[in-house]
Every structure is written in structure tokens, then in C-alpha cells.
Amino acid sequence: MNLGKYKNLIFYITTIAVFSCLMYYFIIEGQTLEVKENIVANTSSGSTWENFQESFKTNLHHPLALLLAQIVTIIMTARLFGWICMKIKQPTVIGEMIAGIVLGPSLVGMYFPEFSAFLFPKESLGNLQFLSQIGLILFMYIVGMELDLSVLRKKAHDAVVISHASIIIPFALGIGLSYFVYQEFAPDGIQFTSFALFIAISMSITAFPVLARIVQERNLQKTKLGTIVITCAAADDITAWCILAAVIAIVKAGSFTSSIYVIIMAIAYVFLMIKIVRPFLKRIGDLQAGKNSISKPMVAIFFLTLILSAYATEVIGIHALFGAFMAGAIMPENTKFRTLFIDKVEDVALVLLLPLFFVFTGLRTQIGLLNDSHLWMTAGFIILTAVLGKFAGSSLTARFVGINWKESLTIGALMNTRGLMELIVLNIGYDLGVLSPEIFAMLVIMALFTTFMTGPALDFINFIFKSKKNQDEPLHENDSKYRVLLSFDKPESGSTLLKLAHNFTHKMNGNKSITAMNIAPVDEMHAYDINEYEDSQFQNVIETSHDLNLEVTTLFKASTDIESDLTSITNKGHYDLLLIMLGKSMYEGSLLGRLLGFTTKIINPEKLLNTVKGKGNIFNNSPFDDFTLQILDKTNIPVGILVEKDFKAADKVFVPIFNLSDFYLLEYAKRLINNNNSQIIILDAAGQIRNNIEVKELIRSIEQVAPNHITLYNEKKIEKDFLNAQDLMLISSKSWKNLIDTKSLWLSDIPSTLIISNP
């Protein structure tokens with residue numbers, strides 16, 4: 001017997017046995033010590049089940065367990081409402097704001113008070129507030145980093161008039177509004193100046209992050225209008241936060257005179273950050289130049305800068321959020337560096353911590369307090385003042401400086417967006433005791449309304465002026481060009497699809513049109529590096545087009561709903577073929593995941609709804625991911641789905657024909673022969689070709705034009721060596737599904753596969 005073979009097993013068993021005996025010995029001996037120490041056994045009345053129930057209830061109310069339950073509930077609710085807003089073409093931040101109000105006393109607290117009291121007891125709100133404040137600090141750090149100060153320096157003269165007018169006009173109207181509502185709504189003991197300043201700043205704020213996302217989504221970033229409005233919003237953001245810092249100092253000090261020391265300290269802090277800390281961070285950032293990652297010591301230095309900056313402004317008396325914003329603004333201006341750092345912070349800040357702030361705001365918002373018509377009329381008057389000040393003020397100023405009416409009104413609509421930034425201001429005012437619960441609820445409603453109206457206002461402006469140019473829908477003449485649209489997500493995919501499109505159209509000269517499209521999620525881009533992001537996405541495509549001497553039109557779009565935008569552009573663009581890559585399923589996973597429509601990032605309510613309504617089958621073993629299935633379902637043109645395995649060219653193409661409905665593939669085979677001199681091998685898998693006169697004639701006509709380029713293959717068994725010799729398999733979407741269902745090994749042997757649908 002070879003003991004060496006079992007030595008590991010023997011050692012394992014011996015070790016477990018020896019040390020188990022040793023532990024047992026010490027436990028027995030240790031129990032004898034209990035008598036000497038007069039230890040009394042802990043006995044509890046009641047059954048084991050009752051003891052378990054009591055212990056379970058205690059665990060449920062433990063602060064950590066309660067906080068985790070709150071976070072899970074908040075994130076799920078925020079994602080659900082965010083998805084709903086995305087589907088109706090609204091910023092997801094509106095859904096998250098609504099989610100906060102829904103979970104607060106305005107809805108859940110009113111109709112399900114027991115549940116609300118269990119999930120959000122008053123004693124737990126302190127933990128929620130501190131976590132949400134951490135989320136806000138990280139968020140303001142990102143906002144500061146997303147400001148491109150170099151653009152402000154170069155183009156500030158174009159936008160400074162509009163920006164400052166969009167602050168001073170609503171600020172003045174806010175002061176006037178305060179005069180009429182002060183006596184009725186100001187908390188006891190609050191001076192008019194403090195109350196008026198907070199109402200005024202809440203009228204003046206613009207949500208730079210939301211505005212930047214809308215500009216990207218509507219493809220305005222490359223236009224003069226987009227540049228002006230981004231610059232306006234950035235300048236507005238900096239100015240508004242400086243004013244807010246001064247307002248906080250005045251409110252805390254009680255008067256302007258008393259706040260002079262705080263303002264002097266704040267000026268000294270800003271000077272220190274710009275003249276000393278910023279150059280220091282730039283030197284550190286230069287050490288990372290050209291690297292694709294940031295080392296942990298570097299991350300520690302920048303986070304320490306953030307925390308110290310936030311701490312300094314909190315101690316000075318102008319709020320930690322201003323310090324976080326300032327720390328982000330002085331980060332090294334290297335775009336790649338900022339992108340890397342934002343990616344480290346953004347997911348935790350925006351997905352995990354920021355929704356806590358929305359719900360914390362919702363828990364403070366008591367819409368039920370507005371219980372008579374007078375209060376709702378006051379809320380309406382506040383909304384009207386806010387819209388007049390920001391929308392009308394920005395629009396009229398833009399028109400005065402020479403911008404046409406359409407673009408002026410567009411600037412006004414965008415600058416009127418308040419979003420999350422407004423909620424931050426309102427919560428600061430509420431924490432300082434300047435805003436009463438009633439006026440706080442009214443201003444939250446105003447923030448929701450002004451953010452919600454941005455999209456419809458932009459659509460209405462476009463409708464009024466009936467703009468004929470739409471960047472999303474290229475206008476085509478009614479000619480005979482063969483138009484191919486390729487849509488890619490990764491730069492390498494775009495290059496591969498372009499090679500495939502070239503194989504289909506190589507010899508068509510002026511009778512072809514190829515468009516390469518990249519639709520990117522808005523959340524993956526930042527306002528300051530949108531151009532660089534677009535250039536990086538199309539770099540491989542442009543290089544490949546030069547190598548192939550191929551003229552390509554590029555189309556870039558930022559989107560909150562890639563699937564809808566892709567199908568809309570495809571259907572309205574008069575294309576003949578759409579080429580995409582087979583994506584990995586977003587919704588694959590466990591049976592529970594399929595049942596509930598869960599993903600690792602979001603909840604997919606649409607899938608869950610379709611399953612409940614009977615439109616979707618969670619047990620359907622489709623070879624396509626959900627995204628591809630939706631594209632196939634909603635597009636009106638043929639879709640080519642490439643399963644890529646080191647595709648270079650379609651010189652040798654294998655076309656299996658399984659039934660009569662697959663014969664449309666021969667038209668694509670013919671196109672490859674004519675344009676690429678491809679060698680086509682057709683497999684008569686069902687033996688239907690030799691019995692069909694029409695198909696035989698089609699094959700004969702191809703042979704006459706291009707002899708020796710098409711071969712009819714009747715063998716039932718396909719050899720592996722034969723499959724490996726092919727460059728591409730051309731197959732129908734229906735036959736592809738059958739191959740997957742029968743677990744055929746063919747697919748693992750084919751270098752690349754192009755699945756073509758027949759709409």
C-alpha cells in the first residue's frame with residue numbers, strides 16, 4: 001500500500017482529532033472553575049420557540065439590522081421610481097426624489113403608519129442622516145470634479161452675463177416673495193433677513209449635474225448652445241455655492257456684521273486651497289500621468305484632502321458640503337485622472353448613499369400639512385416665482401445678448417432645472433431652523449415641478465419652432481444606396497463590425513452608406529470629458545476605416561434608455577441592415593433572479609410585469625440576451641447579430657439551410673460573393689433545396705455570375721475540420737435558436753457566426 005498517496009488525508013484526520021480532543025479537555029476542566037467563581041447558570045422562562053422569537057425581535061430592532069433594512073428598502077424603491085421616470089423620458093433623479101416622498105409621512109407614513117414606525121423610527125433617523133451626509137459630501141466632490149475650470153476660463157465671457165442674471169433675478173424675486181410669506185410661514189425667532197436669504201437662494205439654484213445629463217442625452221454638447229448652457233450652469237453652480245456659504249455664515253452669526261469674521265476665514269480658506277493645496281495636488285497628479293490606475297496611497301491623499309476640506313468649512317461655519325465641492329474643483333485637471341477617480345467614488349456615492357438623502361428629505365416632507373386651498377395657492381405662487389425668475393430671467397438675458405429666441409428659451413428651460421441641488425439647499429435651511437415644515441414641503445414640491453418640467457418644456461420649444469434638423473434621425477434622399485448601420489458599445493466591437501460591413505459593401509462604390517453608431521449610457525460620462533469620451537469610442541472605428549479606405553459616418557448619442565433610442569434611430573433612419581454584437585444577458589442568473597427580474601445593478605420591472613401579464617416566459621431558454629431580443633422585436637429592418645470569434649474577413653462562409661424560411665440568407669450570401677469574392681458553402685440540412693425549383697434557379701443564377709464561388713453541400717454529418725476552416729457561419733435567427741436548443745457542438749467550432757433576422 002502506497003502511504004505517500006494518502007499522507008495529506010492522514011495528516012488532516014490526525015490534526016482534527018488531536019486538537020478536538022485538546023479543546024474538549026480544556027472545556028471540561030474549565031467548567032470546574034465555574035463553581036469556584038460562583039457562576040450561576042442563565043435560566044430563562046418560556047419555551048425554546050418563545051426564546052427564539054424574543055431574540056429574533058431584538059435582532060430586528062438592533063440599530064445595525066434596522067439601518068441595513070432601511071438601505072435595502074430605500075435602494076429598491078429609488079431604483080423602481082428611477083426606472084419609471086427613465087421610461088417616461090425624465091431624469092432618474094426625479095424618481096429618486098419621488099421615492100423619498102413616497103417612503104415618508106406623505107404616503108407610507110399616512111396609510112401604513114405601523115410599517116413606517118417600524119422601518120423608520122425616530123431614534124434611527126440620526127444614523128440615516130449621518131450616512132446621507134457622507135453620500136452628499138462624496139456627491140459634491142464629484143460635482144466639483146465634473147466642473148471643467150479650463151472651459152470656464154476660456155468661455156466665461158460668453159456666458160457670465162446670462163449666468164449672473166439667472167442668479168440675481170430669481171434671487172431678487174425670492175427676497176420679494178419672502179416679504180409676503182414671512183409672517184405666516186417663518187419659524188418663531190427667525191429674522192426676516194435669514195428667512196429671505198434662504199428663500200432667495202432656493203429660487204436661484206441650478207442643478208448642474210442634471211442639466212449636464214440632459215444636454216448629453218439630447219446631443220447638444222457639441223453645439224454652441226450646449227457649450228453656452230454648460231458654461232452658464234458651471235458658473236452658476238460656483239456662484240450659487242459661494243453665495244450659499246455667505247448666507248449660512250450670516251444665518252449662523254445672526255447678522256451680516258457678525259458674520260464678517262466667518263466670511264474672512266472662508267476667503268482665507270479658498271485662497272489656501274487655490275494657491276497651496278491645488279499646486280500640491282497637481283504635482284501628485286502628474287506622478288500618475290499615463291497610468292491606467294491610481295495607487296492606494298494616492299487615493300488616501302485625495303480622500304484625506306476631501307475630508308480635511310469638508311472639516312475645515314464645517315468648523316469655519318459655511319457647511320462641509322462647500323468644502324467637498326471645493327476639494328473636487330481643485331483636483332488635477334487631467335481628464336483621465338479625474339475619470340479614474342470619479343469611477344472609484346461614483347458608484348458608492350450615487351447608488352448606495354445618495355438615495356438615503358432623498359428618503360431622509362422625504363421623511364421631513366409632510367405634504368399632508370398643505371391641507372387647504374390657501375396653502376396650495378401659496379405653493380403655486382412659489383412655483384410661479386421660481387419659474388419666472390429662472391426661466392424667464394435666463395431666456396430674456398440670453399435674447400438680450402443676441403441669441404435667437406429658440407436657443408434663448410432652451411437655455412431658460414435648462415437653467416430652470418433644480419433637482420438634487422435644490423434639496424441640498426432646503427435641507428441646510430431646515431437643519432438651521434430657518435424653514436418651517438410647511439414652507440419646506442412647498443419648496444420640495446417646487447424642486448420636483450421645476451425639474452420635471454424641463455423635458456416637456458424642451459419638447460414644446462422644439463415643437464413651436466418646428467426644427468427640421470434632428471441629429472438622431474439623419475435625413476436621406478430617396479435613392480438606391482444600400483445603407484448599413486452598425487451599433488457598438490466597445491471600440492473593438494465597432495472595428496469588427498465595420499470589417500463585416502465592408503465585406504457586404506466593398507465593391508458598391510458610391511451606392512453604399514455605412515454609419516457607425518455608439519449609444520452610451522449617460523451615467524458613464526461626465527460633462528467635462530464628453531468630447532474625449534466620444535473620441536475614444538470612435539478611435540478604433542476611424543482607424544479601421546482608414547485602413548479599409550472606407551467612408552464612414554459616425555453617430556454618437558448619450559442615452560438613459562439605449563434600447564429605445566437604438567430602435568428609434570434604426571426605424572427612422574431608412575437603413576437596410578443593422579449590425580450589432582451579441583451582448584451578455586443583463587438578466588441572467590438564478591431561478592429566483594429570473595422570477596423576480598433582479599439584476600446585480602437594478603430591478604427590471606418591465607421583465608417582471610411582462611412575466612405577470614403572460615407576455616414573457618422566464619423559463620424560455622433563449623440564446624439571445626434580453627437586450628438583443630428587444631431589438632429583434634422592435635426593429636423593422638433585418639438585424640445581423642455577430643457572435644465574434646477573432647473575425648478578420650468573410651472569405652469562407654458556411655450557410656446552413658434548415659427549412660424554406662431560411663432561403664432569404666442566400667441574398668446575403670450573394671452580396672458577399674459580389675462584394676468580397678467570398679466562397680460560399682450551402683448546407684442543405686433538411687434536403688429541401690433540391691426539391692425547390694425557385695431556390696435552385698437562384699443558386700444557378702449566382703453560379704453564372706460568379707462560377708466556383710458557391711457549393712451545395714448535402715452531407716448530413718459536418719466534420720470539425722471543415723467547420724474550423726470557415727471564417728463565418730451565416731444562419732437565420734430561428735435556426736440559431738434550434739441549434740442552441742439541441743445543444744449542437746457546431747457553434748464551438750465556427751470561428752464567427754452572423755445571425756440574420758427576417759422581419
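This is a predicted model: local features need pLDDT of at least 70, side-chain atom pairs count only at pLDDT 80 or more; totals for chains, interfaces and linings use all residues.
Trainee: How many of the protein's residues are buried?
Mentor: Of 759 residues, 50% are buried (under 20% relative accessible area, 1.4 Å probe, protein chains only).

Trainee: Which residues touch the most others in the largest nonpolar core?
Mentor: Among its 136 residues, they are Met 140, Phe 198, Phe 341, Met 421, Ile 424 and Leu 443. A nonpolar core joins buried Ala, Val, Leu, Ile, Met, Phe, Trp, Tyr and Cys residues through side-chain atoms within 4.5 Å.

Trainee: Which helix gives the largest share of this core?
Mentor: Helix H12 (residues 224-253), with 16 residues. Helices are DSSP runs of H or I, at least four residues, numbered from the N terminus.

Trainee: New topic. At what angle do H14 and H16 pack?
Mentor: H14 (residues 296-316) and H16 (residues 335-364) pack at about 75°, axes 12 Å apart; the axes are lines fitted to C-alpha atoms over the stretch in contact, and angles run from 0 to 180 degrees between N-to-C directions. That makes H14 roughly perpendicular to H16 (65 to 115 degrees).

Trainee: Which residues of H14 meet H16?
Mentor: Val 299, Phe 302 and Phe 303 meet Phe 337, Phe 341, Lys 344 and Val 345 of H16, with contact meaning heavy atoms within 4.5 Å.

Terms used. Residues are numbered from 1 along each chain as its sequence is written. Side-chain values use heavy atoms; hydrogens and water are left out. Helices (H or I, at least four residues) and strands (E, at least two) are DSSP runs, numbered from the N terminus. Angles under 35 degrees count as roughly parallel, over 145 as roughly antiparallel, 65 to 115 as roughly perpendicular and the rest as oblique.
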